[in-house]
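Morning, everyone. One structure today, and I'll keep it short.

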Amino acid sequence: MSGLRIADVADTIGSTPMVRLPRVGERASAEIVGKLEYMNPGASIKDRVAKHISAQLDSRGVPRDALLIVAGPGNLAISLAMLQRRIMCLVPERTSADRVRLLKAAGVSDIVRTLDGALPGSPEHPVEIGRRIAAHQPGAVYVDEELGDWDLEQCYSELASEMLEQTDGQMDALVLGVDTGNAATHLSRALKARHPSLKVVGVEPSNSAIGEQSIANPLARRWLCEDIGRAYAPRALSAGSIDMWIQVSDNVAYSMARRLIQGGIFAGPSAGASVAAAHMYAMSASLQREQRVVVIIGDTARNYGDTLLSDDWMLAHDLLDSRMLDELQRKQHDQYRAASIEDLQLPAAVTVAESDSMGVAISLMAENDFSQVPVTGSGRRLIGYLTLSAAQTLIDNGTATRSMPVRQFMLRFAGQATRAPSTDSLQRGGGAAAAMAGNTSARRQYWLITPETPLSELARFFETHSVAFVTDASRKFCLGIATKQDLITFLARRHTLKYCLGTCKH
């Protein structure tokens, strides 16, 4: 324990690990390694930038509680908020809802969406919007790292030194996504000062205009990948910083990001684009096995729960490559084929009435080794359920007694039975299940599950619920209780039968 010490969060920024990317680098001729910048405390490379900007604000005498109006995809604002700065944020329309929620949770006072393709000088550009807002906010400071108002040379010099130390100076190429141009400019300058032969590969989305130095048709330039790409060449990007440009489609970026996640690298879509570009560069440059390509992994997948991490969203936007689509089809549909809940062969449901005592319900669950029991009302209609753990806790802490009626403590289903969208056509990008059950939140929606419900839909239901109560179509009687364990048992039984049949044929 003698070597451990407590640090301020700012002191933990930097010194991020560098790792091999074996799972996604099998076909590459060279060694491809990733600098995991998402392992900074704020989960992005922008922590480094925020630390230096915050220090420069202090040196300029800007009060710690001064409002900072920050433009960008959102990571810089998150990092500055982490350093206890007061933030108003300007983010592009494409910024994910997850990132916006994180900004709000971090205490960002206001979030303004800006046009994705706005050009410098136009009223819709973040610089113009930010300056107009700052003019009406006494003491406010507009922060945009693209404008060159901040000295970031030391920031990226530290990063360059880390990479050279971690690779023992053996770097043949650096691959990184380009947005403001600061990282590309400063890293290229710092690394080439020590390794003039090193190649710097700039990555941008398809339709981005940075590499081609063009500003034509900005509103027609659309892409989904966040944190990289512009509809114009940023002023912070120095000429000659980039030796080669590679454009990566959204499909390739998102699919590669999912592959990285499967390989243990929890990176966002921009990192997916950079890793894909590293493979393209390694093959096009005919690099040898002993050569090394370093990729900046600048953002975390955890900012993309509603997009990158959502199978439904990925399907709806056609962002899965053919292999991943086949895997998802097999996972969500083919492994269950035409099976329905009826094939689970569930035992008949045992219920308690809402007028029964808590003691009766607890004894019933204990005797039958149940974790929960359905509760019925008048006419034996299913109205809710009671869990054994909750019932025992209520008894133990004195909130309930064994003689009190179940109706006072049960989890009650609310609203009408609802059917969620169908999942029977992955090819069309459709999704979801016809299902029913309650959870422990204050608002419990009742979804209908019957013996005819396909197991593929039940499997999706269990992604957000722990138990399903099977009823008739009219939702009058509870016919059985299903859990994820029943699905696992069914698949194991089917696999065993398939193996036995295959063995018998031989």
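Predicted model: local features only at pLDDT ≥ 70, side-chain atom pairs only at ≥ 80, totals over all residues.

Residues are numbered from 1 along each chain as its sequence is written, and side-chain values use heavy atoms, with hydrogens and water left out.

The whole chain first. It has 14 helices and 18 strands. Those are DSSP runs, numbered from the N terminus: helices are H or I, at least four residues, and strands are E, at least two. Of its 506 residues, 53% are buried, meaning under 20% relative accessible area with a 1.4 Å probe, protein chains only.

Now the sheet. Four strands make an open, parallel sheet, ordered β5-β4-β3-β6. Pairing takes at least two DSSP bridges between two strands. The edges are β5 (110-114) and β6 (141-143), each pairing on one side only. In the sheet, β3 (67-71) and β4 (86-92) share five bridges. Leu68 stands opposite Ile87 in β4.

Helix α4 (126-135) lies across β3, β4, β5 and β6, at about 150° to β4. Axes are lines fitted to C-alpha atoms, for helices over the stretch in contact (heavy atoms within 4.5 Å). Angles run from 0 to 180 degrees between N-to-C directions.

Last, Glu37. Where is Glu37 found? In the loop between β2 (31-36) and α1 (46-59). Is Glu37 buried or exposed? Buried, with a relative accessible area of 0%. Beyond four places away in sequence, Glu37 touches residues including Thr16, Arg48, Leu159 and Gly298.

Conventions: Buried < 20%, exposed > 50% of the residue type's maximum accessible area, 1.4 Å probe, protein only.
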